[in-house]
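Open the model in your viewer and follow the stops below. Each one says what to select and what is there.

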Amino acid sequence: MTETGFWTHPLVESAGYFSVVVLCLIVAMVIFEMVTKYNNWEQIKKGNLAVAMATGGKIFGVTNIFRFSIEQHNSLFEMVAWGLYGFTLLIFAYILFEFLTPKFKVDDEIEQDNRSVGFISLTISVGLSFVIGASIQ
């Protein structure tokens, strides 16, 4: 098998995409951790279901955006670039959600285990990931 053939083998390509997306997901979760006022993993450890739902929605949203990006782009660089662009839009949506709820603070409600707000946060992340992903060209 030639060197070019090895890197284009479907198993190698899949492992490459998987590895890069996992790294991007870790970066995304660190950024989400910085954006929220509470410590996601500490709250999840305490059993805060609202935080778990919101965090799960973010994880699903980010990985779903990268799924679309993998489908639409032929190079690893393009996939990462469009995936990160989609992730940036998802961050913007999270900030917009906070802005559009002036009667309460989303982060405060989620930290206090308000599961209704956590579920809406999950739904926004998941729903918008499909819209963002479909728009990636």
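This is a predicted model.

**Stop 1**

Select Tyr 85. At 45% relative accessibility, Tyr 85 counts as partly exposed. What kind of aromatic pair do Trp 82 and Tyr 85 form? The pair is edge-to-face, with 5.7 Å centre to centre and 90° between the planes. Both residues sit in helix H5 (residues 76-99). They are 3 residues apart there, so about one helical turn separates them.

**Stop 2: an aromatic pair between helices**

Widen the view to the whole structure. A search finds 5 aromatic pairs. For another one, select Phe 68 and Phe 130. Their rings are edge-to-face: 6.2 Å centre to centre, 85° between the planes. Phe 68 belongs to helix H4, and Phe 130 to helix H7 (residues 115-135). The pair therefore ties together parts that are 62 residues apart in sequence. Buried or exposed: which is Phe 68? Phe 68 has 12% relative accessibility, so it counts as buried; the cut-off for buried is under 20%. Phe 130, at 39%, counts as partly exposed.

**Stop 3: an aromatic cluster**

Select Phe 32, Phe 87 and Tyr 94. These residues form one aromatic cluster.

**Stop 4: H2 against H4**

Select helix H2 (residues 10-35) and helix H4 (residues 49-72). Their axes come within 10 Å and cross at roughly 140°. How are H2 and H4 oriented to each other? They are oblique, because angles count as roughly antiparallel only over 145 degrees. The crossing is right-handed.

Show the side chains in the contact. From H2, take Tyr 17, Val 21, Cys 24, Leu 25, Ala 28, Met 29 and Phe 32. From H4, take Thr 55, Lys 58, Ile 59, Val 62, Thr 63, Phe 66 and Ile 70. Colour them by class: the contact has 11 nonpolar, 2 polar and 1 charged residues.

**Stop 5: Asn 40**

Finish at Asn 40, in helix H3 (residues 40-45). With 1% relative accessibility, Asn 40 counts as buried. Which residues does Asn 40 touch, not counting those up to four places away in sequence? They are Phe 32, Glu 33, Val 51, Thr 55 and Lys 58. Among them, Phe 32, Thr 55 and Lys 58 also take part in the contact of H2 with H4.

How values were computed: Residues are numbered from 1 along each chain as its sequence is written. This is a predicted model: local features need pLDDT of at least 70, side-chain atom pairs count only at pLDDT 80 or more; totals for chains, interfaces and linings use all residues. Side-chain values use heavy atoms; hydrogens and water are left out. Axes are lines fitted to C-alpha atoms, for helices over the stretch in contact, and angles run from 0 to 180 degrees between N-to-C directions. Helices (H or I, at least four residues) and strands (E, at least two) are DSSP runs, numbered from the N terminus. Angles under 35 degrees count as roughly parallel, over 145 as roughly antiparallel, 65 to 115 as roughly perpendicular and the rest as oblique. A crossing is left-handed if the near helix is turned anticlockwise from the far one by less than a right angle, and right-handed if clockwise. Contact means heavy atoms within 4.5 Å. Ala, Val, Leu, Ile, Met, Phe, Trp, Tyr, Cys and Pro count as nonpolar, Asp, Glu, Lys and Arg as charged, and the others, Gly among them, as polar. Buried means under 20% relative accessible area, exposed over 50%, partly exposed in between (1.4 Å probe, protein chains only). Rings of Phe, Tyr and Trp (its six-membered ring) pair if their centres lie within 6.5 Å; planes under 30 degrees apart count as stacked, over 60 as edge-to-face and the rest as tilted.
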